[in-house]
Amino acid sequence: MYNSDFSKIQSTQAYMAGMRPVLNKRALFSDMSSEFVCPPDPNPYSIVTIKFRAAKNNIDKVYFVCKNEKHLMMKYKSDELFDWYEYDLELDDEKVAYYFEVTAGKITCVYDFRGVAKNVEDYYKFVIVPGNRVPRWAKGAVMYQIYVDRFYNGDPTNDVLTDEYNYIGEHVNRVEDWGKYPAVMGVREFYGGDLQGVLDKMDYLQDLGIDVIYFNPLFVSPSNHKYDIQDYDYIDPHFGKIVNDQGNLLEPWQNENKDASRYINRIANKENLEASNALFATVVEEAHRRGMKVILDGVFNHCGSFNKWLDRERIYENFEGYEKGAYISADSPYRDYFHFYDENRWPYNPTYDGWWGHDTLPKLNYEGSDNLYNYILHIGKKWVSPPYNADGWRLDVAADLGHSPEFNHKFWKDFHKAVREANPEAIVLAEHYGSPKEWIENGEWDTVMNYDAFMEPITWFLTGMQKHSDDYREDLYGNADSFWGAMHYHGAAFCGDSFHIAMNELSNHDHSRFLTRTNKRVGRVNTMGPEAANEGVDKAVMREAVVMQMTWAGAPTIYYGDEAGVCGFTDPDNRRTYPWGHEDHDLIEFHKVMIRIHKESTAFKYGSLKYLIGDYNLIGYVRFFEDDHYITLINNNDYEVDREYSVWESGIPRECEMERIVQTDSEGFTTDIVKCPVEGGKLHIVLPKKSAVVLRYRLV
């Protein structure tokens with residue numbers, strides 16, 4: 001590490017002696033935020049201004065380097081601490097990848113997404129893609145993920161009934177006890193949460209400070225998770241409204257869904273479907289009235305065996321108003337929506353391609369059907385257009401769609417274009433493990449669910465646990481070098497403002513609850529039992545994680561119930577019900593405090609993020625935008641840490657007073673304002689064990 005103040009003293013002494021200065025590497029800075037790339041989302045054939053910062057009177061030259069050409073940057077201003085340089089870049093319609101080269105005397109270094117580096121690596125270059133614009137409302141937006149069946153039951157008349165139909169070999173059942181732990185094979189049990197329940201709890205969401213509701217899938221589907229879509233055109237009446245309810249439940253000995261007349265009427269009768277769509281439109285309208293956005297979950301790689309286009313379950317076969325499914329008849333208009341291995345098995349052809357071999361999840365065959373291709377583009381536009389007006393899509397297993405990478409990129413390019421044409425402010429974000437660089441830079445996805453550059457590094461650092469609770473790594477627990485290395489490496493996959501809208505979650509429906517990870521127990525519900533997920537959890541570590549979530553770059557996304565203390569191993573245990581009447585009110589209040597702090601700061605929404613410190617179980621960083629500066633310090637040790645932090649190179653004056661605006665520790669948290677002096681560019685502070693501190697400096 002470099003001692004910034006010592007470097008400055010050396011520089012001053014060197015000048016007095018007529019010598020070259022010592023390069024203060026920690027003062028060098030640039031990134032993709034709007035303070036250093038103006039505008040951050042430039043149009044093709046426009047001019048974008050690139051800026052760079054160095055310690056005052058410390059460097060000889062800085063070059064903007066792109067396409068193997070070096071362009072001298074001009075100093076345009078100086079202040080008490082820094083010299084500021086800029087270069088006006090004339091864009092065409094092609095991607096620009098760049099870095100900086102800095103010289104001071106005989107010293108030369110490069111600066112890229114990693115910060116100061118010895119050599120140039122293409123992967124870490126900053127990237128601008130002309131015309132790649134993200135919705136401004138999404139920058140730093142606080143999102144809330146709702147798994148609808150488990151959130152709140154606002155309308156018991158639409159509940160899935162026990163024996164209503166058969167799903168994966170057994171009859172479904174209605175859970176009468178809202179607080180019951182999900183069964184190990186819990187996909188066929190239903191608690192009754194619905195869209196009316198979301199409407200009933202809008203005051204709660206607004207009071208919490210939520211900007212965006214992200215719904216797990218809402219479309220007609222036989223499972224409670226609804227990732228096996230049955231009908232993309234309609235909201236499931238079990239989440240919406242059932243206005244025409246007739247027919248019979250299955251008898252105990254009946255297992256074929258062609259006999260499930262109650263279910264068939266509920267989900268195929270257009271009265272129920274249209275009423276459910278209308279209710280969804282009401283939900284979006286109410287959210288918008290309260291200043292919230294709504295994001296839908298799009299499952300377009302595969303559908304379900306119940307899907308009306310396939311109709312493996314023979315639900316639609318004899319219901320008026322529906323064409324024959326591809327499983328039913330070789331003459332089905334949907335035959336080429338799926339790939340069949342045996343062309344001689346009709347009627348009732350079971351040889352269709354299933355995603356990862358699952359016949360309950362038929363893979364959609366886009367390459368074989370222009371009609372399917374265009375219809376899903378239509379679906380993408382339909383739900384972000386009147387009368388529904390949703391604000392975007394989260395795309396399930398997006399990289400798996402299609403049968404080749406080339407086709408996958410073509411489809412998402414067209415999907416993104418179609419959605420934006422229908423709603424210019426709609427967001428398209430993807431579920432993806434691994435680098436999303438190609439998709440983001442090609443204008444196919446705006447951003448991703450940020451597993452690699454948020455959820456995983458924070459989980460390893462604070463808990464040593466893998467995000468499914470499947471492994472514990474002592475070598476990664478408290479490992480600041482690994483944390484910063486992962487953040488830099490995976491963060492480099494983003495370009496422009498995609499970093500500032502990334503969905504930053506601690507938990508979700510596919511991974512264990514973060515609070516459970518704090519107990520460092522390796523296992524799943526089928527081996528450990530659900531109670532083990534509640535035992536030995538550490539709310540102090542959870543508070544540290546929430547502080548990081550609300551002060552890191554991106555869109556902090558709360559998985560329903562995390563704020564109320566819900567625990568759980570990976571799915572299905574992570575899909576427990578929201579504990580209405582049994583909430584952890586202190587944890588909810590803490591979330592409210594951190595959300596308020598996040599929303600009051602322009603720095604947290606779209607400011608720069610700069611490394612401050614990395615040590616065993618100790619990390620710190622600065623967020624800043626113009627004159628708004630915040631320092632976040634995390635001490636994950638079981639002992640207090642008493643030390644100084646050099647903060648002037650983050651733009652905080654060498655002599656000033658910062659305010660501590662929140663502090664967490666093993667006992668709880670406080671928002672009492674405490675004055676913390678900065679002297680000689682250094683901040684001295686004592687961090688309690690298992691604590692997080694946020695400090696603020698604003699130029700008055």
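His416 counts as buried, because its relative accessibility is 10% and buried means under 20% relative accessible area. This value, like the others in this report, comes from a predicted model. His416 is found in helix H7, and, when residues up to four places away in sequence are not counted, His416 touches Val428, Gly443, Glu444, Trp445 and Asp446.

Helix H7, which covers residues 405-422, also holds His409. With a relative accessibility of 14%, His409 counts as buried, and its contacts, again leaving out residues up to four places away in sequence, are Glu438, Trp439, Asn442 and Glu444.

## A buried proline in a loop

Pro222 lies in the loop that runs between strand E17 (219-220) and strand E18 (231-235). Although Pro222 is in a loop, it counts as buried, at 1% relative accessibility. Among the residues that Pro222 touches, not counting those up to four places away in sequence, are Tyr165, Tyr167, Phe190, Tyr263 and Phe306, together with Asp228 and Gln230.

## A negative patch on the surface

On the surface, a patch of negative charge is formed where Asp79, Glu80, Glu655 and Glu679 gather. Asp79 lies in the loop between strand E5 (74-78) and strand E6 (82-90), and Asp79 is partly exposed, with a relative accessible area of 30%.

Glu679, another member of this patch, is 457 residues from Pro222 along the chain, and the C-alpha atoms of Pro222 and Glu679 are separated by 63 Å.

Terms used. Residues numbered from 1 in each chain as written. Predicted model: local features only at pLDDT ≥ 70, side-chain atom pairs only at ≥ 80, totals over all residues. Heavy atoms only, no water. Patch = residues over 30% accessible without salt bridge, like charges linked within 9 Å, V, L, I, M, F, W, Y side chains within 5 Å. Areas by Shrake-Rupley, 256 points an atom, 1.4 Å probe, with all protein chains shown as cover. Salt bridge = Lys/Arg side-chain N within 4 Å of Asp/Glu carboxyl O. Lys, Arg positive; Asp, Glu negative; His and termini not counted. Charge placed at Lys NZ, Arg CZ, Asp CG, Glu CD. Helix = DSSP H or I, 4+ residues; strand = E, 2+ residues; numbered from the N terminus. Buried < 20%, exposed > 50% of the residue type's maximum accessible area, 1.4 Å probe, protein only. Contact = heavy atoms within 4.5 Å.
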